[in-house]
Amino acid sequence: MKNLIWIIITVGLILIISLLIFKLQPPIGEYDIFQDKELAVGENIPSDVVPVFSSNADLNSRINQGYEFYRKKNYREALRVFEALEKDEKNWSPLFLGSLYYQGEGVKQDKEKAVSFLTTSANGGNKYAQSALGALLLFDKDCKFDENGLYYLLSAAAEKESQAAYNLGQIYWQGLLDIPRDYVKAIYWLNQAADLNNSDALLTLACIYMDGKIIPRDDQQAFKLIIRASKLCNPNAFLILYQIHLEGMGKIKPNPGKAYEYLTIAAELGDPEAQTLRGLFDIVRNDRESAAKWLKKAEAQGYKHEAYIEKFLAGKLPKQSHRCGEVVWDLRQTRIELLKK
């Protein structure tokens, strides 16, 4: 009987924690555009397509070789290839070199060199470099602030670079960089990014529709946007689907089984919050091996399930609506490649 009571209490605790974990929100002052995110290099290139980087066949082949090394995380070889390449018309080599130096992959991290390489590529007209450089100059705390970063973002967004458009949407929505909040401009840029299949922009717009404060509430449109984001392998989309099916929304009735499936997908895509919850659910299901696997994965990313339980018991978890309002603008960027099939 005691075991049954303990299981019931534990299940209830986990369900409550599952509704509160997602509400944790860093202060706006700690906003970091690069939080948990790699530089968006070639993010819109499907992994099964050989991209065309240059009209020169030999140069294109060599850039592709470096790109393959980069994509497969063989960064030392990628560095060797790109350092040996001459300048190409789209300035791809300095873009990749900037990314490698920024991340410290295959070479000692040097953000000053990263800025130099990205500047060369951006000034040469490469929209991906413009997007990355703009965000770096505006938001990276280790780099000297430069208001020209906004110019680079606008230039990249004008060339239909989705991450730049999304970042502009964030800037105008939150009123960052001492720029007055402008919801019209924010929604314009978020729509531009969503049209370019930026999954975080899709989720941001979905939460705006669910919130209903700036534009009329439309749960049906919000759900369509969330589904689009889920097809782009964004784990946050599956976390939102998890809560929708856990609590119900509009015509969607609560379905714990379906919610559990979405939670598992988010965990498999690498989201530490989902991994933590999945591990806690597995403890209740008495599947210790599975629980240990998921909790270990989450803890490797800095998520300690004991800390969440302690905060819950101490009443220290903030009470904010799930992934709506301000919290959505700090959605972590997924490391899963966009359009990956």
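Buried means under 20% relative accessible area, exposed over 50%, and partly exposed in between, with a 1.4 Å probe and protein chains only. The legends below describe a predicted model, in which local features need pLDDT of at least 70, side-chain atom pairs count only at pLDDT 80 or more, and totals for chains, interfaces and linings use all residues. Residues are numbered from 1 along each chain as its sequence is written, and side-chain values use heavy atoms, with hydrogens and water left out.

**View A. Tyrosine 260 and phenylalanine 281 form an aromatic pair between helices H13 and H14.** Rings of Phe, Tyr and Trp (its six-membered ring) pair if their centres lie within 6.5 Å; planes under 30 degrees apart count as stacked, over 60 as edge-to-face and the rest as tilted. A search of the whole structure gives 12 aromatic pairs. Helices (H or I, at least four residues) are DSSP runs numbered from the N terminus. One of the pairs, phenylalanine 238 with tyrosine 262, is tilted, with 6.2 Å centre to centre and 35° between the planes. Phenylalanine 238 belongs to helix H12 (residues 235–247) and tyrosine 262 to helix H13 (residues 256–268), so this pair ties together parts 24 residues apart in sequence. Both phenylalanine 238 and tyrosine 262 are buried. The pair of tyrosine 260 and phenylalanine 281 is edge-to-face: 6.2 Å centre to centre, 85° between the planes. Tyrosine 260 lies in helix H13 and phenylalanine 281 in helix H14 (residues 272–284), so the pair ties together parts that are 21 residues apart in sequence. Tyrosine 260 counts as partly exposed because its relative accessibility is 24%, whereas phenylalanine 281, at 15%, counts as buried.

**View B. Ring pairs link seven-residue names into a cluster: Tyr67, Tyr70, Tyr75, Phe82, Trp92, Phe96 and Tyr128.**

**View C. The largest nonpolar core has 52 residues.** A nonpolar core is a set of buried Ala, Val, Leu, Ile, Met, Phe, Trp, Tyr and Cys residues joined through side-chain atoms within 4.5 Å. The residues with the most contacts inside the largest core are Ile171, Leu205, Met210, Ile226, Ile240, Tyr242 and Leu263.

**View D. Asparagine 234 sits in the loop between helix H11 (219–231) and H12.** Asparagine 234 counts as buried because its relative accessibility is 0%. Its side chain is joined to that of aspartate 200 by a polar contact of 3.2 Å. A polar contact is a pair of N or O atoms within 3.5 Å; within protein, one must be able to donate a hydrogen and the other to accept it, and residues adjacent in sequence count only if both atoms are side-chain atoms. Leaving aside neighbours within four places in sequence, asparagine 234 is in contact (heavy atoms within 4.5 Å) with Ser199, Asp200, Leu203, Ala229 and Leu269.

**View E. Leucine 177 has a positive phi of about 60° although it is not a glycine.** Leucine 177 lies in the loop between helix H8 (162–174) and helix H9 (183–195). With 29% relative accessibility, leucine 177 counts as partly exposed.

Conventions: Helix = DSSP H or I, 4+ residues; strand = E, 2+ residues; numbered from the N terminus.
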